[in-house]
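Morning, everyone. Please have the sequence and the model open side by side. I'll take a sheet and its helices, then a cavity.

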Amino acid sequence: MIYLDYNATTPLCDAAREAMLPYLGRHFGNPSSVHAAGRDARAAIDNSRDKLAGLLRVKPHELIFTSGGTESCNLAVFGLARNRSSHATHIISAKTEHHAVLNAVEHLEKHENVEVTWLNVARDGIVDLDQLSKSIRPDTRLVSIMAANNETGVIQSMREISQICREHGVLLHTDMVQAFGKMDVDLSLVDAASFAAHKFYGPKGVGFLYLRSGLSIQPIMFGGAHENERRPGTENVAAIAAMAAAAEWTLRDRESEQERQAELRDDLWTRISQNVPDAKQNARNAPRLANTLNVSLLGLESEMLLIALDLEGVCASSGSACMVGSVVASHVLLAMGLPLERARSAVRFSLGKWTTADEIKRAGDAMGKIVNRFETRKSAYAVA
């Protein structure tokens, strides 16, 4: 199997697996219990929080543990918008956001009388900064713009976005689920940021929200005083310990690993473009994550391509993996102004630490083989 879907999820690294084991066995206590077993579990959470805070250069109490990226994004959007001290009447976000943000903002718009400005993006996927600046109003509470897109890998200029928000006194949340471990993360630029462990070789079902010190947030769940009364529920001790270990492991060789993946990504595109002359690389001219390649093969549906690739032993995606297996035209590519045909024929390849040059060669050859097969069938049908 050639796995080229790392943006959907990553395999668990050994460091994360080893960090989990004690809390799946002997140290099974509830971290809220006062006895020794509970204190051992609490110590694991505290140590993990300290480790993550050190890696991100923030304060430990600024990190809120959650069940993953979707909850972290929901907590940021709903929690900051509904905050009693200054209830939002206007929010700004981008049309290319992950559905964890898109759907949360849409809910506020439809059901809680919050006005929303949806920012346009250029054909390369970059947010229109002039529109952002002009859209901010006296009643704007929150701007939510993802740092790196999960489908195209496009990296937004968070420093410029932050400067605009700071000048207008508006809170800024960013979805950094795809960014961590792949690019420099500077949390001093934002007020809130969302993360998910399974995108950086940790376990599924755990993540965290960074919330700048001094900001209050309205909980979106109820039932306990955990996480300083910001996110109730017994903490997933084993997963939290694994997440901290995975974060440390991922960052050790981040720069050299991203250089390696960028070379492999570019080699994959070269092979695809040589084998498939009609292939189009999406967001080619934008700053992108080193591991992400989004291509359209005009005349072929994404679903057919993914099935054919799977039969050739190649795992890829058409975009977000959070749509219950559905394959639909990418809302990201449509927001970029690409034609429907191009959006419906897009495939995303995302590389990771275990991707090899040989796998890239085989994947490129598989793409050529698949397209040639489809073209042969088309020609046969035309003659018939």
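**The sheet, its helices and the cavity**

Start with an open sheet of three strands, ordered β9-β10-β12, with antiparallel pairing. Keep in mind that this is a predicted model. Which strands stand at the edges? They are β9, residues 279-281, and β12, residues 346-350. Each has a single partner strand, so one side of each is left without a neighbour in the sheet. On average, neighbouring strands here are turned by 30° against each other, direction ignored.

Now the pairing of β10 with β12. Strand β10 covers residues 292-297, and its antiparallel pairing with β12 runs over five bridges. Take S296 as a landmark: its bridge partner in β12 is A346.

Next, the helices. α9 packs on the sheet and touches β9, β10 and β12. Its direction makes about 15° with that of β10. Then there is α10, residues 302-311. Helix α10 lies across β10 and β12, at about 40° to β12.

On to the cavity. How many cavities of 30 Å³ or more does a search of the whole structure find? One. The volume of the largest cavity is about 120 Å³. It is lined by 17 residues, and the closest to its centre are G181, K182, Y201, Q258 and Q261. By type, the lining divides into five nonpolar, seven polar and five charged residues.

Which helix gives the most to that lining? Back to α9, residues 254-275: it contributes four residues.

Key:
Residues are numbered from 1 along each chain as its sequence is written. This is a predicted model: local features need pLDDT of at least 70, side-chain atom pairs count only at pLDDT 80 or more; totals for chains, interfaces and linings use all residues. Side-chain values use heavy atoms; hydrogens and water are left out. On a 1 Å grid over the protein atoms alone, a cavity is a set of points where a 1.4 Å probe fits but cannot get out, and a pocket is an open set with protein on both sides within 12 Å along at least five of seven lines; lining residues have an atom within 4 Å of a point. Grid points are joined across faces, edges and corners, and a volume is the space filled by probe spheres set on the points. Helices (H or I, at least four residues) and strands (E, at least two) are DSSP runs, numbered from the N terminus. Ala, Val, Leu, Ile, Met, Phe, Trp, Tyr, Cys and Pro count as nonpolar, Asp, Glu, Lys and Arg as charged, and the others, Gly among them, as polar. Two strands pair if DSSP finds at least two bridges between them. Axes are lines fitted to C-alpha atoms, for helices over the stretch in contact, and angles run from 0 to 180 degrees between N-to-C directions. Contact means heavy atoms within 4.5 Å.
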